[in-house]
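User: I am new to reading protein structures. Could you walk me through this one, feature by feature?

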Amino acid sequence: MLNNNHEELFRSLSEKIGCPIAFNEEGICDLTVGEEFIVSLEDRKDDGIIIMSSVVAPDLPDPISYPLLLDLMSLAIGPCFSGGGNSPLVAREPDSGVLVAYEVLTPSVLEKQDLTEQFTDFLDFCISVAAKIAGNTEIEEPGAEKGDDQEFPDGQSDEEEEGSSAGSASFASHSPLMPV
């Protein structure tokens, strides 16, 4: 049976990141991360999915390097090879030309994986892609090994059980985090 009630998932995410999550009438919540990123969460109850998206660049560099073009093209096909379609990708929005990273979290993924982990992996992916487009680093694959566990504002790691609420509206490695 399809569970379209994501309230508990969003409550847990809100507690862990220390920021309220409130959706508009269209089922969208925008969270500002630092000064560079707005991550949109879309709760698609009819489909039982959650969509995360974020603008990673205002446009493609001109001229675009061939290696960057190859990297971006491989990111656009990522979900086809991820064993279930749960992989972030980057696409160009045709009307505005902005480059957007997005990830669709299906009911089967939401059942197996923690939304907070998905959110932090997606944010890390967005930061990596934005840096790559700006010419600063290599693109890291989402969920790749990352030395230490993610720390949250109250010092709790992502491995700890929920139950204690975060004490501030910042997100340890990506402060500040706040609703838009």
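User: Where does leucine 69 lie, and how should I read its accessibility?

Analyst: This is a predicted model. Leucine 69 is part of helix α2. A residue is called buried under 20% relative accessible area and exposed over 50%. Leucine 69 has 32% relative accessibility, so it counts as partly exposed. Leu69 also belongs to a nonpolar surface patch, with Leu60, Ile64, Tyr66, Leu70 and Met73. Together these residues have about 540 Å² of accessible area.

User: Which residues touch the most other members of the largest nonpolar core?

Analyst: The general idea first: in soluble globular proteins, nonpolar side chains tend to be buried together. Here the largest nonpolar core has 33 residues, and Leu41, Val56, Val90 and Ile133 touch the most other members. Elements that each supply at least two residues of this core include α1 (7–17), β2 (37–44), β3 (49–57), α2 (66–76) and α4 (115–133). The largest share, nine residues, comes from α4.

User: What is valine 56 in contact with, leaving aside its neighbours within four places in sequence?

Analyst: Valine 56 is in contact with Val90, Leu99, Val100, Ala101, Cys126, Val129, Ala130 and Ile133.

User: Now the strands, please. How many bridges join β3 to β5, and how many join β4 to β5?

Analyst: Seven bridges join β3 to β5, and the two strands run antiparallel. Strand β4 (residues 89–92) also runs antiparallel to β5, with four bridges joining them. β4 and β5 form a hairpin with six residues between them, and glycine 97 in the turn has a positive phi of about 85°.

User: Why is β5 described as largely enclosed by the rest of the structure?

Analyst: The reason is burial: five of the seven residues of β5 are buried, so the rest of the structure largely encloses this strand.

User: How many salt bridges are there, and what should I know about them?

Analyst: Side chains of opposite charge can pair when their charged atoms come close. The count here is five salt bridges. Let's begin in helix α1, where glutamate 8 and arginine 11 both lie, three residues apart, about one turn of the helix. An α-helix has 3.6 residues a turn, so residues three or four places apart point the same way. Glutamate 8 and arginine 11 form a salt bridge, with their closest N and O atoms 2.3 Å apart. Glutamate 8 is partly exposed at a relative accessible area of 44%, and arginine 11 is partly exposed at 33%. A network of salt bridges links Glu8, Arg11 and Glu15.

User: Which parts does the salt bridge between aspartate 71 and lysine 132 tie together?

Analyst: The closest N and O atoms of aspartate 71 and lysine 132 are 3.3 Å apart. Aspartate 71 lies in helix α2 and lysine 132 in helix α4, so this pair ties together parts that are 61 residues apart in sequence. Aspartate 71 is partly exposed, with a relative accessible area of 24%, whereas lysine 132 is buried, with 14%.

Methods
Residues are numbered from 1 along each chain as its sequence is written. This is a predicted model: local features need pLDDT of at least 70, side-chain atom pairs count only at pLDDT 80 or more; totals for chains, interfaces and linings use all residues. Side-chain values use heavy atoms; hydrogens and water are left out. A nonpolar core is a set of buried Ala, Val, Leu, Ile, Met, Phe, Trp, Tyr and Cys residues joined through side-chain atoms within 4.5 Å. Buried means under 20% relative accessible area, exposed over 50%, partly exposed in between (1.4 Å probe, protein chains only). Contact means heavy atoms within 4.5 Å. Patches are made of residues with over 30% relative accessible area and no salt bridge: like charges are joined within 9 Å, nonpolar side chains (Val, Leu, Ile, Met, Phe, Trp, Tyr) within 5 Å. Accessible areas come from the Shrake-Rupley method with a 1.4 Å probe; for residues, only the protein chains shown count as cover. A salt bridge is a side-chain nitrogen of Lys or Arg within 4 Å of a carboxyl oxygen of Asp or Glu. Two strands pair if DSSP finds at least two bridges between them.
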